[in-house]
Each structure stands twice: as C-alpha cells, then as structure tokens.
Amino acid sequence: MILSTDATAVANAIGQFSESNVVAQSITNLINREKVAAAREQEARRSVEARGAAAVAAELEALLGEVDGSAASKDELEQAYLRVLNSIGAALGRASAFRDVEQAEAWLEARRGSAGGQAR
Amino acid sequence: MRVQRCIPLLLLAACGSLEVQVDVLDPRVIEREVDRIQFRQSTLGTALGQSRAELEREFSELRAAHRQFYVDLATQFVEAKKLEMAGLSDTGEDEGTDLLLQGMLEGIAQGIPALFDDGPGKRYEEVQEAIWRLFLEARELARQQDGAPAVEAARLGQRIQALARDAGESKADFVAWIEEDIVQAVRGAREGLDIESVRDGLTPQQFDAFSRKVSRSAERAQQAVDVAATSLVGQGSLFQDSYAFAVANASEEDWALHYNRVFGRGRFGDLNVAIKMNSPADFTLKGLTFDPSAVASIAAKVSTQALLVATQISGVPVDVGSDGTSPGGALAGSSAELASMQARIARGEALRADYQDALITIGLAITREADARAGFRSRNPAVRAKSAAAIQATFDAHKPRLQLKEASAGAGQPGGPSPARPAPGPGSGQDSQDEAASKGADEPEPALSEPRFVEVLSTHRKPQSP
C-alpha cells in the first residue's frame, strides 16, 4: 500500500496510523520508558511513604503532648525534647540516638545544608 | 539509536512504476534455425545418402496412400449415389432402371483406381526420376569436392546445397500437389451428388444426426475464430510457432533492446497511465494524469509525526492544544499524559523534600529553644512553659507538611511559619524569632506542593547564642 501511487490513500493511511491512540501511546511510552517506569515506581512508593509519614506525625504529636511545659523540671523537659529529636532523627534515617540536644542540632543543621544543596 | 526509531516514519513514501518493453530478435537467428531445420529434414543428407531403393519405396508408399484415397472416395461416392437414387425412386422410376444405374455406378467405382493409375499416378515416376537425377548430380559434385582446393570445394559445396535444396523443394511441391489433388477430388465428388436426394434417402433421424454433426463442427470452428479474435496478441503468439525455441534460446546479444518501450512512473501524487496496444508488439502511451494535490497533505502528516516523535525523544512533552483535528493529535494527546506523569514525579519529589524539611524545621525549633536563659533550660518555670508552648506551636504549624499529601486548594495550613507565633521569651533570641516570623508572614503564601516552599521555610534562623 505504501508503494501505491494513490497519494490520497497513502495520506489517509498515514493519518489513521498517527491518529490511532494505541499507536501514539505506544510510541510515547516506548521513547520515554525510563520516565514511565520512574512514575510507576513513584506511584507505588507514595502510599507506603504516606503511611510512614502519618505514623511519624502521630508519634511526634504524642511525644509533644506528653510534655507539660509548666509543671516539668528543666531536666525532664530536656529528656522529653531529646526523645522528640531522636524520633525526628529516626524518621530522617539516622541509625543511632542523639547524645544530647547539641549533637542533634549539629546533625539537623548538616541535614538542612545538604538537603538545601540538593534542592537548589 | 533513538533517532533511528523515527527514521521509518520519514521513509514512508509512495512511488509506482509501469513499463512495457518490446525487444527485437536478430532475424538471422531465425534464418539460421530455418536452414538447420531444412538440413535436418534431410535435403542435403538425403541428397547425398538416400539410395534409389529407398527413394522408390518412399514414393511408392506415398502413391499407395494416394491411390487408396481414390478407392475410398469412389466407394463413398457410390454409397452416396445409391442413397440419392433411392430418393429418386420414390418419384416413380421403375426398378429396372435403378438396377441398371447401380450396376453402372459400381463399374465406374471399379474403374476409378485405373483412372488414377493413368492420370495422377503417372506423375509419381516423373517426379521421382527428376529428384533422383538431382541426387546423382549432387553426389558427382560431392565426389569432385573431395581433394579439391578450398575455394573450389566451397563453390562446389554451395552448388551441392543448391541441388539438395532443389530436390527438397521438388518433393515438397509434389506433396503439396497431392494435397491439392485430394481436395479437388473431394470437391468433384461432392458436386456429383445431389444433397437434396441424399436427404430423401435418409430417415429423418439419420438426417438429424448428420445435421447435428455438421453444426457442431461449425460451432467449434466459430469458437476457434472467437478465441483468436479476443486474444491480445492474436496470431502473434509464439506458442504455435515452430521457431519458439529458437526465439527463447537466442543469446542476449542477438536481441535489440530499447525498442518500442513505454514508461509510466510516479513519485507521490495520484498517477494514472494509460498504455494502449495498437497491434501485437506495438505499444503507445495513450494518456497520463497526475494529481499532486495530496502530496502536501502527505508531507504535512509525515513531517508532523516526525517532529512530534523527535520532540518526545528529546523528553519534551507536547501540548495537545485546543483543536483535536490537527495531524498528530493522538500523539500529542498521549504526550499530555507523559507531561502529567512528569509533573507527578516532580510533585512527589517536592513533597518528600518538604516532608524532610518540616521534620528538620521542627527539630531545629526544639534545639533553638535549648537555651539556659530564654529556652526550656531556664530556671524560670514561666520561661520554660513559654518555650514548650513555642515548640508546640511550631509543631502544630508544620504538622500538615508531615502528611506527604498535596494540600487541596484553599484548605489546610500553608507551610509558612506558624501563625501562632512562638511565645516571646526574654533574651536576645526574641527579636530574631519575631523578625523571622514576620518575614515569613510577609511572604506570599505558596502552594504546599511547590518546591519554593522549602526556600520560605529556610528563612527561619536560629536565635543568637547568648
């Protein structure tokens, strides 16, 4: 058919080929298969991560709810906030617990710097 | 490699070709073949090799067949004549006359072979003798040819060939004469018969059968004529030709190519070519139409497709646009899905970055409050309570960012600094916190999913250490 001299038929055939959604989708997916795969992976990971994030949020809320700012002593507050900081560190992927608040601060600042570097 | 994938689309192109070619064969090829056939049919071979006894036998066989034909014809003539007379007898002639006539007829029939012997039969001996004389002459020359010089031998050879050809032609002429004689004899016999009387002598059934036989053969003859008339090449076909093998077997250089050629070619466009055969092997171009109007639409479609594919190969989604009728609409439509896919990936990454940033922000809010004067390390319970309240407020403000969900438009907290500002505490940290908070509040509120959000949050600064 492609060798025909009937140009109208050739034009129509090419048109039908190009206007076919299946063909168009296939071409698009074929030449962008890495992106398609990444998007699928993203979709799959998203709900899992969302559940993890919700759990972290609940944990932090509970830990902060335990803190009684007016009644607790200085050391109790220190310990309570260190627990919160450890929870945050674990959520951000830190393996070990923080020794004290200063160590947590240094680590968090470093994280922010590296995350900011990535973001920009 | 990616570019190669779109090349087939660019190569989709139309073309067509029609060609009629008539080639001509060197006529000498056929002449050579004629000579060869004649020689094989023993003009020269017979002239030099056939014995007198063989020649006589050949002629006597021919004569016997010819004579037998006369005998058969006479027999059939008498039979037919009897039928004719039977038809006549109904008219009232007396039987005695019939018998007499029959006797006469049989006498004539018996006399016919003798008539042949006296008439046509005599020519056999004459022709046979003439041919034999040519043979003898050719053989005498062949004897002289042995040992003669080359030029003389060649001359003698030509004369021998001529004699042999004469002998062959004499024989062929004689055979043709025999055939003509037979035709004449049949015609003479027919003229001597009265067909109406023949019909009277037959029963109706016999005559019907005879008529059917005649009409059937007439039909067959008509069909043969029709087939010959409707055939494209008519009598020009090689199939019935005794020289077909010579034609088919002729070497390439004996053919003259490029004789009577007709071409029709088209690239793109609608092309119609009419080629007419005037007569066998004579072609002419009768007409041609060419309509290039569709070429533009092919070019547009092909190049649009190629461009769309190339765009997607480069990783750039194509906007579908408002009109779905433009060429490549489907491809552009599928590209829109790709675009939303890429947007989802980007959004997901932004949400994750935002989530982590929110955690860090909350953590840093706590560490910022770890201050002996203005934070929760203060000896003053009131200061500690305010500090705890500030931390709680920061957490409440950033809690929505921990959900990894896109904020629906107008709902939820924008990710800006907490609207419930941290309680001002004594000390140098207070000013800087206020400054940070007011700076954040002055910023336009960006959507949660925007990466820009991260930048806004990073305006939080740690209070100055005492």
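Author: In this predicted model, helix H3 of chain A, residues 33-66, packs against helix H13 of chain B, residues 381-398. The two axes lie 11 Å apart, and the angle between them is about 160°. An angle over 145 degrees counts as roughly antiparallel, and H3(A) and H13(B) are therefore roughly antiparallel to each other. The crossing of H3(A) past H13(B) is left-handed. On the chain A side, the contact is made by A:Ala57, A:Leu60, A:Glu61, A:Leu64 and A:Gly65. H13(B) contributes B:Ile391, B:Gln392 and B:Phe395. Sorted by class, this contact between H3(A) and H13(B) holds five nonpolar, two polar and one charged residues.

H3(A) also has a partner within chain A, helix H4, residues 74-91. Here the axes come within 9 Å and cross at roughly 175°, which makes H3(A) roughly antiparallel to H4(A). From H3(A), the residues in contact are A:Val56, A:Glu59, A:Leu60, A:Leu63 and A:Leu64. They meet A:Tyr81, A:Arg83, A:Val84, A:Ser87, A:Ile88 and A:Ala91 of H4(A). By class, the contact of H3(A) with H4(A) has eight nonpolar residues, one polar residue and two charged residues. A:Leu60 and A:Leu64 take part in the contact with H13(B) and also in the contact with H4(A).

Searching the whole structure gives two cavities of 30 Å³ or more. The second largest cavity, with a volume of about 70 Å³, is the one to follow here. Its lining includes A:Gln42, A:Arg45, A:Arg46 and A:Glu49 from chain A. From chain B, the lining of the second largest cavity has B:Gly348, B:Leu351, B:Arg352 and B:Leu404. H3(A) gives the largest share of this lining, four residues. Two elements each give two or more residues to the lining: H3 of chain A and helix H12 (329-368) of chain B. By class, the lining of the second largest cavity has two nonpolar, two polar and four charged residues.

To put the pieces together, H3(A) packs against H13(B), runs roughly antiparallel to H4(A) and lines part of the second largest cavity.

Conventions: Residues numbered from 1 in each chain as written. Chains lettered and ligands numbered in written order. Predicted model: local features only at pLDDT ≥ 70, side-chain atom pairs only at ≥ 80, totals over all residues. Heavy atoms only, no water. Axes fitted to C-alpha atoms, helices over the stretch in contact; angles between N-to-C directions. Parallel < 35°, antiparallel > 145°, perpendicular 65-115°, else oblique. Left-handed = near helix turned anticlockwise from the far one by under 90°. Contact = heavy atoms within 4.5 Å. Nonpolar A, V, L, I, M, F, W, Y, C, P; charged D, E, K, R; others polar. 1 Å grid on protein atoms, 1.4 Å probe; cavity = no way out; pocket = protein on both sides within 12 Å on 5 of 7 lines; lining within 4 Å. Points joined across faces, edges and corners; volume = space filled by probe spheres on them.
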